[in-house]
Each structure stands twice: as C-alpha cells, then as structure tokens.
Amino acid sequence: MLLLSISSAFQRPTGSSPSRNSIRSPSAAPAGTRSRGWLKAALSLEGDVNNAFGGGGEQDTTSMRLQRARLRLAEAQGIIPAGSSDRYQTPGGLQRTTKVRDLTFKVAEPEVQYDPEEAEARLWRQPVTWLKRNVDLFVPMTAFLGRVIVDIITDEEERHRRKRAQELLEIISGLGPAVIKAGQALSSRPDLLPSEYLEELQKLQDRLPPYPNEQAFQVVESELGVAFDQVFELLEENPIAAASIGQVYKAKLRSTGETVAVKVQRPRCEEIISVDLYVLRWYAGLINRILSVLKRDIDVIAVIDDFGELIYREIDYTAEAANAQRFVELYGGLEDICAPRVYTELSTRKVLTLEWVDGVRLVDQRQLQSYRADPTKLIDRLVQCSLRQMLENGFFHADPHAGNLLCTPEGKLCYLDFGMMSYVESNQRYGIIEAVIHLVNRDFNSLASLYQRMGFIPGDVDTQPIITALEDALPEVLNASVGELNIKNVINKLGDVMYKFPFALPPYYIAIIRCLGVLEGLALQVNPNSRIINDAYPYIASRLLTDSSPELQAALHKLIFKAGRPRWERLEQLLEVAGSTSDYDVTLAMDQLLDYILSEQGTEFRRIFAAELVDAVDQLGADTTSYLLKNWRTLSLGQAPPRLVPALAGLGVGGGMQGDAGLTGDLFASAGVAEEDMTPTMLAARRLARTLAQSRGFDAERLLSLVRRLLQEPKAQDLGLGIAADISERFVSRLIRSIFQLPESV
C-alpha cells in the first residue's frame, strides 16, 4: 500500500487531484556571454521609459505599458540590472513601482525528465529488478497499514494516531532515498494526512553514511572524462557531507588553486529512484481503484507523478547549476546575500563543482559570536529575502533549512543547495497576499471563494461547510497578537480544514508551506522567541502601501476600508509598521492613497473623508482656540511658553516645520501643550504627523510633487473647495456664537 495508502485509510471526503503544469525552461546563460550591444540597447530603453513617464506632456498609456513590459523582459533575461524596471515616473513626477515580475526563466528542467510511461514499459520487462524491492516496501508498509485499519475498526484511530505516526517515521527512515524524499514531500501535504503525521514526517533526516571515495572518483572520471586527481586535490580525505542523493568533497583546483566544493551523485542513484517510483506508482493505481469504490476522488498516481518530477529535478545537477546561477542573478545583489559561483565547465548531471564558501551554520551560536554576527538579524534577513523571492520574482529556494545556509565571516547570509527550487506565477503571488488580507479581516467567505478561484477546491463544491469550518478553526489562533502568532499554528488549523474537505493543493503551494515551515523551525532554533509572521508583517505592509499593481491596491482597499468607511486605526498601524522596511517610501504610500481617493471607486470615500476632515479640522481649531483662550493671560503678559515662538517661526513653505519643532518633533508639545490637555483629535493628529514624518522616504520637497498633482486634479479641486467652504462655514458659525455667547449647536 506504501506511503500514500495511509491517507486513504482515514475518513476524508471527495477531492480532486492537483493539476500539474510542468514548466519547460531553458538553462540560464552565463552572465559573461551576454552581448554588450544588447546591454546598451536595454539601458537605452530604460532611459526612454524614464523619459516617457517623467515628461510633462500627455503620453500614450498603451505605449508606456508596452515599453515598461519590454524593460521588464530585458531585466528578467538578465540583460539589464535587476530593479531597472521599477525606475519609471508617473506623469505627476513621482516614482511608481510594482515588485511583482514575471520571469522567462522559471525552474530549470532536468535533461532526463521523469517519464512514468517509459519507466513502466522498461521495468515491466525486468521483474527481477523490482520484485525484491517490492517485497522490501510491501512487508513493513502492509503491516503498518493493517494496524491503522484495526484502529479505525475499533474506533481507536485518533487515540493511536501519534503512535502510528512515529511508527511510520521509523519505517520510512530505513527504506532508502526515494522513500525518504517521498516522506519529506508528504510532510507538507495537509490535504492528504492529519497533522500528527505531518509533524512526525517533518523529522525525517536526509542523511546516509558516505559511500567509498573510489566509487565517487569513478563517477567524476566517467562524467568529466579525466581522473579526479588530475583536476582536483582533496583538502579533506573524507566527504564533508553525505545525503541520500550524493556527497560533497572539499578540494582545490589544480589549475588555479581555488578552493571548491565537489558534489558527486551516488552510483546508480537514478536507477534506484526509478524502481522505487515504479513500485510506488503501481500501488498508487491499486489505491485509486479502491478509492473509486469508496467514492473518494483522490488521484494518488498524480501525487506520485508530482513527486517524481520534483526528485528528477533534484538528482540532475545540471538543472541545479542553472538554478544556482539564476538565484545569484536575481538575489546576489541584495544587501548581505550571496551564493556560491558555479564552475560550469566542471559540472554535469552527476557532478557539480561550486565555489567554496567559508562560514558557519546559523544554529552554531558560539561560532556566530566569533564572527560578531547577530543571529536575530540573520534570521530577519533570511525572512525578508525569502519573502522577496516568493512574492516579487516568484523564484524561490524551497528548502532553507540549517544545512543549506551559512553565515560568512563578513556577516553575509549564504544560500546553498539549489536542488529544490519552485516558482509562483504572478497571479498566484497576488492570491497569497489576498489570502493574508482575508485572514486579517476574518473574511472567511472571501477566503473560501479565493481558494475556489485558485483551484484548491473544485468549482462545483458547496463552500458553506468549508466557511463554517474555517470560522470554527481559525479565530482562536488568529486572535493572538502579531508577536505571538506563528506559522505552525496557522498551517495546522488550515490543514485540519483542508484534510477534512476536498482540497487539492498545487505543487507551488505545497512548496510554500514547506518553505515557511522550515523557515520558522530554523528561526526558533536560533531564537526561541522568534516569530516570522512578526518579521514578515512590515514587508507585507510596505508592499500594500507602495505597490501600484491593481491587485495589491484592491487588497489594500479590502484591508483599510469597510462599507466605504476608512478604518483609520489600520491605516495608522500599516504606516507605522511599514516604516521599518529598508525599501519603504511613505511618499509613494501617500500617492497610492491619493490614487484611490481620486478614482471612481473612491467617490463614497471622498464624501466620508471630507466630512470627517471638516469635523477634525473644526474640532482641532476649537481645541486650539480653547487652549489659547485658557492661557490668554499668560500670553498677553508676554509669558508664552518658550518653545511656542520657535515652533511657529519654524513653519516653512515646504510643508511641515524645521528641526525638532517640525513634524519630526511635536507641534503641540513645542507650543507648550501638555499631553494631558490634548483632546483625542489633537492626539490623533499628533500620532499621524509623527508616523508620516518619521517614515522612511518622507521628504517635504518630494511631497510638493504630490501636492502639485493634487492641485491639478479636477476631483481634488472640487473636494478641496467643498472642504474649504465647509470649514469656513463652521468657523464663521463658531465665531458668531462666540461673539454673541450663544450655546454650541447640537
């Protein structure tokens, strides 16, 4: 029955299998082979786009979009520097950005791809090859499955579930590389297995004793065509690492003296894996027939085929080399992020030669201290880089565990092992952020609709029971503060729902679940108080506030508006949290908000905003007048608070005030107003002013561009005139009441 037969033993309703859209991508060309002519043309195009968006005259919108698309294509192909497509200007003069990019190169495909039909035709004629392996797998797994079935019959399955999961872990650990890899893949499938099994399978270690050096050297000679010691000189006699697929040697190139890491695949690795996949697939077909009788639409063969494609990518070192090169091109320019260089001339399908990188693991606290490296900052850098991988370019490292990461002596974070890479399409990236917004809003109706739209749930399934289950499962874990919230709890609660109902998770989502789970596990090893959701929140806030894509603008609208009314506390929180990210620009955030206010969708908001602004200004004026009248005797005697005059004198044309008396300080405190004397409106105005002024990117001069744009917009002019008229009317009314000592109107 094997691994996936376990899931059929549990009570689970009908579900459809995930679709498998295999991506065929060319290998990345080495950076040095690109034409200087192409580079010059691309950079020229970049200048054209900047000129088009920065000019003062009217521009053809379609032409600008086309030029920006061409620029992004050139960037994705590596012809121009990463980030160039972001640098274009709006007609108003402010920079507009979107970080979501579609790449032409996604995940490299192996030279020999997984072909289950070919393997079946070949191996069926070789019964001796697979019969023994069949027995090796069948006996322990059948005995295990029998115990699970007895548990179900005696209604003891839930009580014994943890014990059975531990038994399964022990069985899989001794069944070889393909089965270990399959177990690791299942550990990220909450739609197939209960949480107890997922937690135990996550403990699987992909480690095996090293095989003899002589065998490894024979593989190198067969692949490179020269003897190992003619090319390399071993610096350490034994492998420095050994796993189920290969082992790594530290060596020196005889030609240049450079230190390298040589990764050599285990002999007959592909042959052994193909036999295991054949046996697993045969049992999967049997399980499918049993499930069809039970009226459960779970395609176990499709799950095995997904896994087969993944492991064939992982055992092809040519594909891994291409992925490593692409990773360096996309992320090597990020601050304090690096990856080893690939020696392509010394790399094949079974041998991979990489630059040697000195460093220590992030969990080695003593060595990190010797580097004077801050573990907390390293984890934050890891989380931020992973978020940019998944949500900006979509090309991400799906296995960032402790063995695949180093801290270099310079304090850089170095990624290793690019066998498990994944890609998220742009619409899927928007969907992930949208799901986060629905979770924050507790909008489980929209969350279920999103899952259906993304293909997680069949279109003909009634989502109301799923919505009810989400409402029952998630509020408890989501009610925790951002600082206490953790990925494991959220995934476990979602996983319980996904296991109970007919969810079918696509490969990219499974890779994301695995990546986030591994990230949090590593973060907790380094710092038990770490919460990667807390670390990720500022990045999400920054993206929502500054990304100009319609999808993220819509997501922002869902977050901070309800029934057309703004939720100011959420906007204030977003502005405050986003300021801690390195690429946040508050001026862009204000520009995005202005876009919405002036759009057709913002009509109701403009009305509400105008009314609330008039009330706030009127109340602020009344509060300030009341304060001045309260202290008129002190003021008339020339005994004004000493900081009042400098505070007023500091007001400048550029908006705000200069020095400590400006927005970066506190206007009310500068004027001598004690905090206990401030009204709620004055306190709210102070908080907003502080948040904006202290945010990254705040610049009064740049703010003028936004003001100029605002003054040129007819809707803004109408809005401003209406607000000014209402404020003037309120002022005159208040003045008349003061003169004639009339009571305030109700």
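Modeller: Let's start with one term: two strands count as paired when DSSP finds at least two bridges between them. Keep in mind as well that this is a predicted model.

Colleague: Which strand joins β5 through two bridges?

Modeller: That's strand β4, residues 241–242, which runs antiparallel to β5. Here A242 has Q247 of β5 as its bridge partner.

Colleague: Where does A261 lead next: what stands opposite A261 in β8?

Modeller: L354 does. Strand β6 (residues 259–265) and β8 are antiparallel too, joined by five bridges.

Colleague: How should I read the burial of a strand? Why is β5 called largely enclosed?

Modeller: The general idea first: in a regular strand, side chains alternate between the two faces of the sheet. As for this case, β5 spans residues 246–253 and seven of its eight residues are buried, so the rest of the structure largely encloses it. Strand β8, residues 351–355, is mostly covered as well, with four of its five residues buried.

Colleague: Now the charged side chains. How many salt bridges are there?

Modeller: In general, side chains of opposite charge can pair when their charged atoms come close. The count for this model comes to 32 salt bridges.

Colleague: Take E167 and R164. Are they buried or exposed?

Modeller: Both are buried. Their side chains meet in a salt bridge at 2.9 Å, N to O. Both sit in helix α6 (residues 157–173), three residues apart, which is about one turn of the helix.

Colleague: Which residue forms a salt bridge with E199?

Modeller: K488, with the closest N and O atoms 3.6 Å apart. This pair links distant parts of the chain: E199 belongs to helix α8 (residues 195–201) and K488 to helix α20 (residues 487–500), 289 residues apart. K488 counts as partly exposed because its relative accessibility is 42%.

Colleague: And what about E200?

Modeller: E200 bridges to K203, with 3.2 Å between the closest N and O atoms. E200 is buried at a relative accessible area of 4%, while K203 is partly exposed at 47%. Through shared partners, salt bridges join R162, E199, E200, K203 and K488 into one network.

Colleague: Which residues form the nonpolar patch on the surface?

Modeller: F731, V732, L735, I736, I739, F740 and L742, with about 720 Å² of accessible area together. L735 is found in helix α32, residues 714–739. With a relative accessible area of 41%, L735 is partly exposed.

How values were computed:
Residues are numbered from 1 along each chain as its sequence is written. This is a predicted model: local features need pLDDT of at least 70, side-chain atom pairs count only at pLDDT 80 or more; totals for chains, interfaces and linings use all residues. Side-chain values use heavy atoms; hydrogens and water are left out. Patches are made of residues with over 30% relative accessible area and no salt bridge: like charges are joined within 9 Å, nonpolar side chains (Val, Leu, Ile, Met, Phe, Trp, Tyr) within 5 Å. Accessible areas come from the Shrake-Rupley method with a 1.4 Å probe; for residues, only the protein chains shown count as cover. A salt bridge is a side-chain nitrogen of Lys or Arg within 4 Å of a carboxyl oxygen of Asp or Glu. Buried means under 20% relative accessible area, exposed over 50%, partly exposed in between (1.4 Å probe, protein chains only).
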